[in-house]
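My notes follow the model shown here.

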Amino acid sequence: MEPFVQLNGLVAPVDRVNVDTDAIIPKQFLKRIERSGFGQYLFFEWRWDEQGNVIPDFNLNKPRYQGASVLLSRANFGCGSSREHAPWAILDYGFRCIIAPSFADIFYNNCFKNGILPIKLSEEQVDDLFERTNAKEGYTLKVDLENKVLSDDAGLSIPFELDEHRRQFLLQGLDDIGLTLKHEAAITAYEAKRAAAGVSA
Amino acid sequence: MSKQTMFEKIWNNHVIVAEEGKPSILYIDLHLVHEVTSPQAFEGLRLSGRKVRRPDLTFATMDHNVPTKDRFNISDPISKQQVDTLTTNCQEFGVKLYDLNTIDQGVVHVMGPELGLTHPGKTIVCGDSHTSTHGAFGALAFGIGTSEVEHVLATQCLQQSKAKTMVIRFNGKRQPGITAKDMILGLIAKYGTDFGTGYVMEYTGEAIRALTMEERMTVCNMSIEAGARAGLIAPDLTTFDYLRGREYAPQGAAFDAAVEQWKALCTDEGAEYDSVIDFDVDSLIPQVTWGTSPGMGTGITSSVPVPENLPTENERKAAASALEYMDLKPGTPMTDITIDYVFIGSCTNGRIEDLRAAASVARGHKVSPNVTAIVVPGSGRVKIQAEKEGLDKVFTEAGFEWRDAGCSMCLAMNPDVLKPGQRCASTSNRNFEGRQGRGGRTHLVSPEMAAAAAVQGRFVDVRTWEFKSEVKA
């Protein structure tokens, strides 16, 4: 996994609460057996109408948001299905950071497995970022994971919270299966103890 | 020893390594696998030269892509590839697969409990958010992403941070016509779709104790729609009676010994939860959703809400956008909403009791000429049982289509898909935009409410239903 340290990126807003994983990547695209290539289907039904025409009002279709790498949205982002295709699509499209007041648990967890940084801010801070993004074409945010600070060119500086283990995980781009396997002896001992106690499988 | 909740007991029984400042390493007792979220995980094992650590604790089936008519003929080549890939992966890695040739094949969360794989006190995961269903047995069961599927395949463990605990006390008694589905939909309509985020919910109270095992599964199934990864119900006689004699349940004396262990899992008297919610069941009425989030629901005697009357700007915007998508006018009585389609099935409501309940409403009636109605058993075993009881005849005589087991229209990864603009009364769990097909409009209801809507062609209060006890031969 690619480490995440710093990002200086264009912000694209998706101004909705409860953005669910069916919206992020509709089910007809879950049939692929690869991890790659999902970006073209991100927010598919919001980007294209039923005839395949571009929906110009949707922000990701606007020229000013092309090349965005920071996604700004509302509460309970990523709710619904556990499909990791959702973060795969977000990452493949080009986003590395998502900012919202809250995230659904499984989606939040899936982000870290893919080198995406989800940042939780207060409703007021998110409101403010929406205003700033809407007001200025080309609005960018600098995401400094080392120091856990978000900043912009206009002097905004917001510290954000993140579990230290998760921070290290992203900074170093760790392989967590490898980390668990370091405890191979403990896992084997646990299995032996349970088998001896007759705990059913 | 300090007093513990059931969640804490199960958690502590499974923590292998707990280091300060790091997630714990939690042992997983049962891993259920399906075709959609596993191919990349098996590929990951292959690329890193790893094996499945405990194939004996890993069970697979195909459900999402499976057609419910002419099931062996998967016409979509990408669907077929995904199903075939699961077969190949299970063969290569030695995982037990219940495929389309077995009667156990079905929706993975219907199949597991039926086989007796789901036991109190187990940790259970699956690459599917409705894994919360298994919490009905007092198992700690939650959905995971594909990276974690690979993690569990490789290590039989997960790195997990301990969740907070919440108790939902369902107080009082259900009135006639009120189902487990109404309990969970009512809860979510009141508290929203994210009040459970970060929590494991335990459902207690006399209304929970009174539920059958299958009804408990309906409640726990939709914990995720409240934001909670897992829901728990303490095991009791209902649980033990359900499990006794099932294929993977302990047998004979071992079963009795297991029951003693399972009883000890219950939350200690006086143990504290991080959050407490009391929910009154006495006054609950049949629920119908009107919007595009499971929390956008109301009672059948109410009307579509007026967005301007909602408390916050975000709620007003969300409701207005949902009503536009749903093509509903504020203030419309729920009983005035006409429908085109009915789907009875899914991991929420595709079990034998759900089909019995729907059949009792449908018996002797006819599906409205404006409605297409399908009944999809949750598994091959549910289908056989229903046919033994003659439920298939009740449905087909009433004009419902009787299908084979699968996820079907719950998420439309198979040929069962709504057309744009079609409105569906669905017993499934999600009413998201496009969930049942692009432009499709989903209203979540109980099996009884769905069957009644099929007959009337619009939503109807099932409490006023005319039940016909016999069909003329």
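Domain bounds, as I use them, come from an automatic or database domain assignment. For chain B this gives domain 1 (6-275) and domain 2 (287-460). I note that the model is predicted, that local features need pLDDT of at least 70 and side-chain atom pairs pLDDT 80 or more, and that totals for chains, interfaces and linings use all residues. Residues are numbered from 1 along each chain as its sequence is written, with chains lettered from A and ligands numbered from 1 in the order in which they are written.

Entry: domain contact. I looked up the centres of the two domains of chain B over C-alpha atoms and found them 24 Å apart. I then took the contacts (C-beta atoms, placed from the backbone, within 7 Å): 37 residues of domain 1 of chain B touch 36 residues of domain 2 of chain B. By class, the domain 1 side has 10 nonpolar, 18 polar and nine charged residues; here Ala, Val, Leu, Ile, Met, Phe, Trp, Tyr, Cys and Pro count as nonpolar, Asp, Glu, Lys and Arg as charged, and the others, Gly among them, as polar.

Entry: strand S15 of chain B. Strands are DSSP runs (E, at least two residues), numbered from the N terminus. I asked which residues of S15(B) (341-344) are buried (20 or more other C-beta atoms within 10 Å of the residue's own, placed from the backbone). Tyr341(B) and Phe343(B) are buried on one side, Val342(B) and Ile344(B) on the other.

How values were computed. Contact = placed C-beta atoms within 7 Å. Buried ≥ 20, exposed ≤ 12 C-beta atoms within 10 Å, placed from the backbone. Helix = DSSP H or I, 4+ residues; strand = E, 2+ residues; numbered from the N terminus.
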